[in-house]
Amino acid sequence: EEQELKEKKEKLWKLLCTYLPCDVLSLQKSIVQHVEYTLARRRYKRDKCSFYQATAISVRDRLIERWTDTQQYLSSKDSKRVYYLSLEYLLGRNLQNAMSCLALRNRYAAALEELGYSLEELTEEERDPGLGSGGLGRLASCFLDSLATLNFGAWGYGLRYKFGLFEQRLISKAQAEFPDFWLKEGYPWEVERPDVQYLVRMYGEVEDRVDPETGEVKVAWKGGEDVLAEGFDIPVPGFHTLNTNNLRLWTSKASCEFDLGSFNDGQYYAAIEEKERSEPLTSVLYPCDNNAPGKELRLRQQYFFVSATLQDILRRYKKSPSHGLLDLPNKVAIQLNETHPAIAIPELMRLLLDDENLCWQDAWHIVHNTCAYTNHTVMPEALEIWPLPLVEQILPRHLRIIYEINHQFLSEVRRRWPGDPQRVARMSIIEESEPKMVKMAHLAIIGCHKVNGVAQVHTGLLCKSLFRDFYEMWPEKFVNITNGVNHRRWMLQANPAMSAVISKWLGTHDWVHDLGRLERLKELSSNPEFQRDWQEMKRYNKRKLAEFIERTCDVDVDADAMFDVHVKRIHEYKRQFMNILGVAYRYLRILSLLAEEKFDELRQVVPKVVIFAGKAAPNYSVAKDVIKLIIAIADTINSDTRIGGLLKVVFIPNYNVSVAEVIIPGSDLSQHISTAGFEASGTSNMKFCMNGSLLLGSRDGANLEIEQSVGRANIFMFGANTKEVRTLQTTMQYRKPQLDGRLAHVTQEIRSGRFGPTSFDSLVDSLLPENDRYMVGHDFGSYLEALEVSDAAFRKPEEWTAKTIVSCASMSRFSSDRCIREYAEKIWNVEPHQFRPPNKNTSSS
Ligand code: GL7
C-alpha cells in the first residue's frame, strides 16, 4: 500500500511539474477563466480592459513558474547575486515584452484574434507605471531586461509609488499637472507579498552604553517611529531564456504594533491616526530630473527604501547555513543607482555593527567590497546634499556612523597629504556651511569599491574635475561604462516594421541576440531594393506617427516632410529653447523668401514637422515658460496659411515610454543638443539611431561615442565642446560677445508680440551673455549651420537612406547587453547561470 501511495504521489508530482500548456486553445481557456474567476466579470461581455487584464494574468502565470524555478536554481548554485538599487524605474508597458520573452507573442495574438480582440488594441489598455522621471529610470529598466536575458541572477529593488510621475496636459497653452494614479485598475504584473515585511525606524535618539563586562561602548538607537515596508514583486523575464528575475518594490504601511497604552486610555482613534501617518511615505515620486529636491520626505523615502532592501538582502543571504557574513562580498553585489540610495552605506554598517555585532573593520570591509556607485550627473544642483540637522533628526544613529567614516577617511587623507587642510576640507563628507551639510556623493565614493560614469566624456569630467581629489587618491576606483539601451524593446518591439526588413535582408533573426550582427547591413546600405524596403518602412512609421499627432495634437502633418524630433525632459541645459528659436528663425526666413518672391530658394526649403515632447518639473518655471513659448510659436506657424506645408510644429503631451515607442520609429532627425558637459550620457540618442533616425547633436555625453561609431558623415555635430564651454563660462562675463544677428532678429520678433501677446522677457533675457549659462547665444550660429547641413542631406533621399542604414547598423556598442557585461566584469565580478529544467515540458520556448 505504501508503495502504491508513493507511486501515486510521484505520478501526481510529475503531472504538476509540467509547465502550463501554451497551445492556442489553452491560452484562450486561461484568458477566459481569468476574466471569469480572477476578475469576476462576465466572460461574454466585450470589455477590453478585462480582457487585457486577464491576458496579462495569463502571461504572468507562465512567467511565475519560470521565476520560482529560476530563484530556486540560483539558490542551489549558490551563485553571486546582483542587487540593483534604484529609486526610479520606467518600465514601460509589459504585455508585448513578456509575450516576446516567452516566445508566445504569435500564439497569444492568434488566441485573442479568435476571441475577438487584437493584441494591439489590448496593448493600448496597459498604463505605463511612471515610477521614474527620465533617462535614469529608463536606464534601470533596460538593465533589468538585459540582466535577465543574459542569465545573471539579479534583483531590482525600488519603491512602489502610488502616484507616478504626473500626467501632463496642455491647458490654456501651458503645462498642467494631474496625478497619475497608475494603480487605478490594479497592476496585473505584480504579486503582493504580505509575508515580506520589514520594520523601518526613523527619528528617536542614540545613547552610548558601556558593556559592564567588556567595558566596550555600544551605541543604542532608541525611540522613534516604525514604518512597515511590504514587498510587491514583478517578474522580469529574459528574452528566450527561462531565467526570470525579480523586481521588488516596497510600499509603506502602518506598522501594526499599536501602542496598547493609548488604546486603554480611550485614545483608540488617535492611536490609529498616528500609525496611519506612515502611509504617505511611498505615495508620490519626486518629479525632478537632474535636480535634488532637498525635501525631508524624500530623505525618508530613500532611507525607508534602503533599509527594507538591505534587511531583505541580508535575510536571503543568511538563509544559507554556509554563509558567513564576511563572505558577503563574494556572494552579493549592490549597485547604487546615483546617490539616491547612498544612505545604504551607513545603513549596512549599522545592520552589521548593531544587529550582527561585527567589529568596525569587518563591517567596513564588507560594505566597501559589496557596494558600488554609478554617477549620472555632474550638475551641481543635482548632487544630493542633506542638511546635517535633518539627518541627525531622522537618522541619528546613521549620523554617528557617517562621522566615524569621515573621521577615519580624513585621517587617511591627512597621512597621504600632510599640511593640505584645503584638500581635507574639500574631501570631507561634511560641508562646513551654515547649516552643515552631508555630501552624499562623497559618502558613496568613500564607501564603495567602484565608482562609474556613464559615458567616456562624463567619466573624464568626474576624474578631472568633480571628483578629482578622490581620483588622485584612488585612480583604480573609477571606471567608465557607457550607457546602453535594450534594443529588443526599442527595435524589435517598438519598430516591428523595421525588424522585419532587417531580418528579411539578413536572412536571420540572430541580431536580436547580438546587435553586432547588424554590421552586415552596411554593405547593403546602397542597394536600391533594400533602400526601397527601408524607405517604405520609414514612411509607414511616419504615417503612424502622423496619425498619433492628429489624435493627440489635432494637427494635420504630411508624412513626406522631414520629421525633426526633440523629446526628453524639459531642462535649460537640454536647450529646447535653442531649438524653438531655430524654428522661429526658419519660419521668418520662409516668410521673407515669400515676400521677396525668391521661388528658387523656396523650392530648396525642406518641408519639416518639428516635434517636441517632454515634461517640465512642476516648480521649474523657466522650463514651463519654454513649453509656453513652443506652443505659442507652434500656434502662429501652424495657423499661417502662407507657408503651406513647409513648416509645422507640434508639442505632444504626456511624454512617456509608450509615447516614445511611437515617436522614435517615426523620426528622420532627432536633436540631442545639450550644452557640452551637462548631459552625462543621454540614452534616447541611441534609440533614435537604432531606428534609422540621424542625430543632430552637441559635443556632449554619448553623442561623441555615437559619432565615433557611425562616422562623422552620418551625424550632424555642432557647437562648443566641454573644454571650450569651460573657458567660455569664465571669459563671457567680461568679453560679452555680440549676439548672432539671426538670433537678435528672432528675439526681437518674440518681444514684439509676433508669436502672441506674451513677450517672454525673462526667457529672452537669459540669452544675454552674462546670463547665458547654457551657451545658447554662443552655439546658435553653428547650430543653424548643422541644421542646414542636415537639410541638404535630406534633399538627397538615397544618400540620406544610406546614412540612416549605416547609423542603425553601427549601434552594437549601445546595447544594454554590452553594458551589463561590462558591469558584470569590471564591477560585480559575476558569472551568468542559465537555468535549464531537467524534467519539465518547455514546449513554449
Ligand atoms: C541622467 C542623465 O541626465 C542622462 O544624461 C543619463 O543618460 C541618464 C542615465 O545615465 O542619467 N542623470 C539624471 O539624474 N537623470 C538622467 O537622466 C534624471
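Visitor: What makes the sheet with the order E14-E16-E15 an open one, and which pairing does it have?

Guide: This is a predicted model, in which local features need pLDDT of at least 70, side-chain atom pairs count only at pLDDT 80 or more, and totals for chains, interfaces and linings use all residues. Residues are numbered from 1 along each chain as its sequence is written. The open sheet has three strands, paired antiparallel. Strands E14 (385–387) and E15 (430–431) are at the edges with a single partner strand each, so one side of each lacks a neighbour in the sheet. Strands here are DSSP runs of E, at least two residues, and helices are runs of H or I, at least four, numbered from the N terminus.

Visitor: How do you know that E14 and E16 pair?

Guide: Pairing requires that DSSP finds at least two bridges between two strands. E14 and E16 (residues 437–439) are joined by three bridges and run antiparallel, so they pair by that definition. Trp-386 has Val-438 in E16 as its bridge partner.

Visitor: Why is the length of helix H23 called close to the expected one?

Guide: The expected span is 1.5 Å times one less than the number of residues. H23 (residues 576–595) has 20 residues, so 28 Å is expected, and the helix reaches 29 Å from first C-alpha to last.

Visitor: What makes domain 1 and domain 2 touch?

Guide: The bounds, 78–92 + 128–480 for domain 1 and 557–807 for domain 2, come from an automatic or database domain assignment. The contact takes 35 residues from domain 1 and 28 residues from domain 2; two residues are in contact if their C-beta atoms, placed from the backbone, lie within 7 Å.
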